Amino acid sequence: MEVSKLPSHTVGDVYVDMPRMTTRKVNVFYGDKMALDDVTLDIAEKQVTSLIGPSGCGKSTFLRCLNRMNDTIDNCRVEGQIKLDDQNIYDPHIDVVPLRARVGMVFQKPNPFPKSIFDNVAYGPRIHGLANNKNELDGIVEASLRRAGLWEEVADRLYQSGTGLSGGQQQRLCIARAIAVSPEVILMDEPCSALDPIATARIEELIFELREEFTIVIVTHSMQQAARVSNRTAYFHLGRLVEVGETSTIFTNPRHELTNSYITGRFG
Amino acid sequence: MSEPRKGIIPPQVAISRVNASLAARRAGERRFRTCGRIAICIALAFLVLLFVSIFTKGIPGFFQYYVTLEVVVDRERIDPAGDLSVQSLYDGDARGIIRSAFYIATGAEGRSGRKAAGKLISKGAEQRLREAIIKDPSLLGKTVAMKFALDDDADSFLRGYISSAVPEKDRRINDKQIEFINKLQKLQLISYDFSDYLIFGSASRDPEIAGIKGAFIGSVLTLAVCLVLAFPMGVATAIYLEEFAPKNRITEIIEVNINNLAAVPSVVFGILGLAVFISIFGMPRSIPLIGGVVLALMTLPTIIISSRAAIRAVPPSIRDAALGVGASKLQTVTHHVLPLAMPGMLTGTIIGMAQALGETAPLLMIGMVAFIVDIPGGVTDPGTVLPVQIFMWADFAERMFIHKTSAAIIVLLGFLILMNAIAIFIRNRLERRW
């Protein structure tokens, strides 16, 4: 395998016309170790942007910057500018609570709370005071479960524990929980990596539906998945954003050597 | 087939070598298992020995000898003022009434006979008669059969600890008294019954009326103070250190010190309590409030350490989930981490409380070893606690105290087992899977 050189700047269109989120020259450090180097990328409104790349390339780190989940890591330092609708989310005056209400997240491993299905979905609306009464809350829970394609399966056992569901159902429950607070952006960190192919297909369908309403950023190890669900694809390598573009272009006609090697399966 | 290469062992050779090493491995395993079984057997044997010795001595401590007397409750004699007031009853001659009844029952005559007989009945008898009158004034003027405790020497004689074969001047009970006891026994007036004094009596120099009520209530009050202080403080500390505190040199030092504090001998906490609360703040000695504070200081490290372990056992994915929907740090902790960590925290707390319940040394330092007859009514009344009571009783010479001591130990053990049972129950009840 020949080692291709990292590009000095990102190949392809990092900018879009109607960006929902923009990142400019983002560097992330874990202690002394640099995890992201000079990443500039626009996240397009109501599109699915997928982040691909080999393990340790910084794609999850980048995703977790978008709603400041990196704050929970002690020695993590973020430089540069990340904006959500022209507001710098790393501004010291920004409160992460409303930020995370606007930018929801779904994790790699399904992580429902050890509470009932209803309470799982109702948790976000409750803490943010979204519902004025029980009726409204019931409505939010039902609508969220419907949008996550889970309602039919759990309607008769809303008050049973969410941890009793199958892996795929748990992940859809987590998606329902994320969309219950009406976020604008949903971040998904390898949402299907712990699921079987059928459950994966179900989630992919769901992502496809959800992009009508939400701006979605998804990290995935599966190139087929990226090809199936996303509009735009960004390829990361060793902390650099190597190439970004329309998904169809990236997969059919990659411009950078590294991208080409990765998508043709020569490494990663 | 290629030549055998360096560093590669052919499969046939490998399997024969594995088989050769098997015998040694199996023998090693067998040896280890045998050692384990022997260790468990020894531990069990000691446990059985402990329980046998405590129960053989302690069970008799729950019983004592009583004598049933026909008491003529003469209104004039017992209640001279006629108003049934405590003062009037104390002025009255309850002792005389009981003694009269006892003289009739034993047939004691003459000065020396009556003196000998009078010593056979417990000093607690008159108090019992007064209490009975206060409870039921209709007894006045009647002749009633009442049970009174026998004096501890008579009790010891009946238990067979004092032999009549010993010369009279060498025993605590003389020939005349033995004669009276035999007579009462022939009349079937002496009974061996459950000792109500043990449960409802408080500290006393007279073993037949000494009980653990005061110490038990003292223990409950002390533990209550300890729990109220140690649990919230310990849990709050654990949460802060685990979830909020930055990981730096200072928190590291704090952590090391907390861990060391858990190993500090308990008597040191007693000295601290004495120096700080009693010497500097001038608070009274012997009160459950200070006892509780000292024990809280002692149990805090235990609670903090177990609470931190419980918090650390909560999977980070739950925190991520809560933070991901926009919960604040505090909401994440109170809504998710705390409920999941609670069983572990409570178990640790109850173990700490059980430790505190059995603690003697620090309480000696702050004067809870005082001889206090009154039962504490609150945390600022002087009192003592069960283990200290046991400690004091073990020091007394009277034979009967040996049984009382063991009986009190049984009560203490029962209390401890109850607390541990609660801990297990809570853990099983609250434990959830994720």
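## Chain A at a glance

Chain A holds 10 helices and 11 strands; helices (H or I, at least four residues) and strands (E, at least two) are DSSP runs, numbered from the N terminus. This is a predicted model, where local features need pLDDT of at least 70, side-chain atom pairs count only at pLDDT 80 or more, and totals for chains, interfaces and linings use all residues. As for labels, residues are numbered from 1 along each chain as its sequence is written, while chains are lettered from A and ligands numbered from 1 in the order in which they are written.

How spread out is chain A? Its radius of gyration is 19 Å, which agrees with the value near 18 Å that a compact globule of 268 residues would have. That radius is taken over C-alpha atoms, and the globule rule is 2.2 Å times the number of residues to the power 0.38. Along the principal axes, the C-alpha atoms of chain A fill a box of roughly 60 × 45 × 35 Å. Of the 268 residues in chain A, 47% are buried. A residue counts as buried if 20 or more other C-beta atoms lie within 10 Å of its own, as exposed if 12 or fewer do, and as partly exposed in between, with C-beta atoms placed from the backbone.

## Two loop residues in chain A

A:Lys46 sits in the loop between β3 (33-44) and β4 (48-52) of chain A. Though not a glycine, A:Lys46 has a positive phi of about 50°. It has 15 other C-beta atoms within 10 Å, so A:Lys46 is partly exposed.

Now look at the loop between α6 and β8 (185-189) of chain A, where you'll find A:Ser182. A:Ser182 isn't a glycine, yet it has a positive phi of about 50°. With 18 other C-beta atoms within 10 Å, A:Ser182 is partly exposed.

## Where the chains meet

In all, 21 residues of chain A are in contact with 17 residues of chain B; two residues are in contact if their C-beta atoms, placed from the backbone, lie within 7 Å. On the chain A side, α2 (96-102), β7 (103-106), α3 (117-128) and α6 (167-179) each supply at least two residues. The largest share of that side, 4 residues, comes from α3(A).

Sorted by class, the side of chain A that touches chain B has 11 nonpolar, 6 polar and 4 charged residues. Here Ala, Val, Leu, Ile, Met, Phe, Trp, Tyr, Cys and Pro count as nonpolar, Asp, Glu, Lys and Arg as charged, and the others, Gly among them, as polar.

## Chain B at a glance

Chain B has 18 helices and 3 strands. Its radius of gyration is 32 Å, well over the 22 Å that the globule rule gives for 434 residues, so chain B is more spread out than a compact globule. The C-alpha atoms of chain B fill a box of roughly 120 × 60 × 40 Å along the principal axes.

Buried residues account for 36% of the 434 residues in chain B. Among contacts in chain B with a separation of 6 or more, 76% are between residues 24 or more positions apart.

## Helix α18 and its neighbours

Helix α18 (residues 399-430) of chain B has 32 residues and reaches 47 Å from its first C-alpha to its last, close to the 46 Å expected at 1.5 Å a residue. That expected span is 1.5 Å times one less than the number of residues. The buried residues of α18(B) include B:Met400, B:Phe401, B:His403, B:Lys404, B:Ser406 and B:Ala407. They pack against α1 (11-61), α7 (152-159), α9 (196-200) and α17 (386-395) of chain B.

B:Gly61 lies in helix α1 of chain B. It has 25 other C-beta atoms within 10 Å, so B:Gly61 is buried. Leaving out residues up to four places away in sequence, B:Gly61 touches B:Leu198, B:His403, B:Lys404, B:Ser406 and B:Ala407. B:Arg37 is 24 residues from B:Gly61 along the chain, and their C-alpha atoms are separated by 36 Å.

## A helix crossing and a loop proline

How do α4 and α6 of chain B pack? Helix α4 (residues 94-106) and helix α6 (residues 125-135) of chain B meet at an angle of about 105°, with their axes 9 Å apart. The axes are lines fitted to C-alpha atoms, for helices over the stretch in contact, and angles run from 0 to 180 degrees between N-to-C directions. Among the residues making this contact are B:Ile97 and B:Ile98 of α4(B) and B:Leu129 and B:Arg130 of α6(B).

B:Pro80 is placed in the loop between α2 (75-78) and α3 (86-91) of chain B. With 13 C-beta neighbours inside 10 Å, B:Pro80 counts as partly exposed. Not counting residues up to four places away in sequence, B:Pro80 touches B:Ser88, B:Asp91 and B:Gly92.
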